[in-house]
Amino acid sequence: MTTLKIHHIGYLVKKIEKAKNTFESLGYLIRQDTVYDDIRKVNICFVEKDGYLIELISPVSDDSVVSGLLKKYKNSPYHICYETDNLETAFADLTSNGFTAIDTPTPAPALDGRKVVFLTSSAIGMVELLAPAQASS
């Protein structure tokens, strides 16, 4: 199995500016200001505290990939992102171990265009795989 390292926790929020301010009041630092992802129709911002990176994700339209999730779960964490040394191998490993892909590897503007893919497991929910930095060129 390929190496998986936790990169960040994805956190759904209705209002990204309000969420940023609230996380800042808890001592988080803005690591990347808000970026619009036109593929997924979301605004994304990264905050960090004590070595933990949190990705704030807010839909910008009703047809955003996370609009339905936000309606169901409200403001809450919803995925863990794992950085991998080989996206294709990690994807094959997870799918052979019962994970189901819910999209295809696609560039992520908030992560310097590195490819990401989301999968789900009935046992643990959603995970995201992140390609290594050198794979995006």
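A salt bridge here is a side-chain nitrogen of Lys or Arg within 4 Å of a carboxyl oxygen of Asp or Glu. With that in hand, welcome to this predicted model, where Glu17, Lys20 and Asp33 are linked in a network of salt bridges. The count of salt bridges comes to six, and the largest pocket has a volume of about 290 Å³.

**Salt bridges**

- Asp33 and Lys20 pair through their side chains at 2.5 Å, N to O.
- Asp33 is partly exposed at 48% relative accessible area, whereas Lys20 is buried at 7%.
- Lys41 forms a salt bridge with Asp63, with 2.6 Å between the closest N and O atoms. Here the loop between E2 and E3 holds Lys41, and the loop between E4 and helix H2 (67-73) holds Asp63, 22 residues apart.
- Glu83 and Arg114 meet at 2.3 Å, N to O. Glu83 lies in strand E5 and Arg114 in the loop between strand E7 (106-107) and E8, so this pair ties together parts that are 31 residues apart in sequence.
- Glu83 counts as partly exposed, at 24% relative accessibility, while Arg114 is buried, at 11%.

**The largest pocket**

- The lining of the largest pocket has 23 residues, and Arg40, Val65, Tyr78, Asp103 and Phe118 lie nearest its centre.
- Strands E3 (42-49), E4 (52-59), E5 (76-84), E8 (115-121) and E9 (125-130) are the elements that each give two or more residues to this lining.
- By class, the lining has 16 nonpolar, two polar and five charged residues.

Technical notes: Residues numbered from 1 in each chain as written. Predicted model: local features only at pLDDT ≥ 70, side-chain atom pairs only at ≥ 80, totals over all residues. Heavy atoms only, no water. 1 Å grid on protein atoms, 1.4 Å probe; cavity = no way out; pocket = protein on both sides within 12 Å on 5 of 7 lines; lining within 4 Å. Points joined across faces, edges and corners; volume = space filled by probe spheres on them. Helix = DSSP H or I, 4+ residues; strand = E, 2+ residues; numbered from the N terminus. Nonpolar A, V, L, I, M, F, W, Y, C, P; charged D, E, K, R; others polar. Buried < 20%, exposed > 50% of the residue type's maximum accessible area, 1.4 Å probe, protein only.
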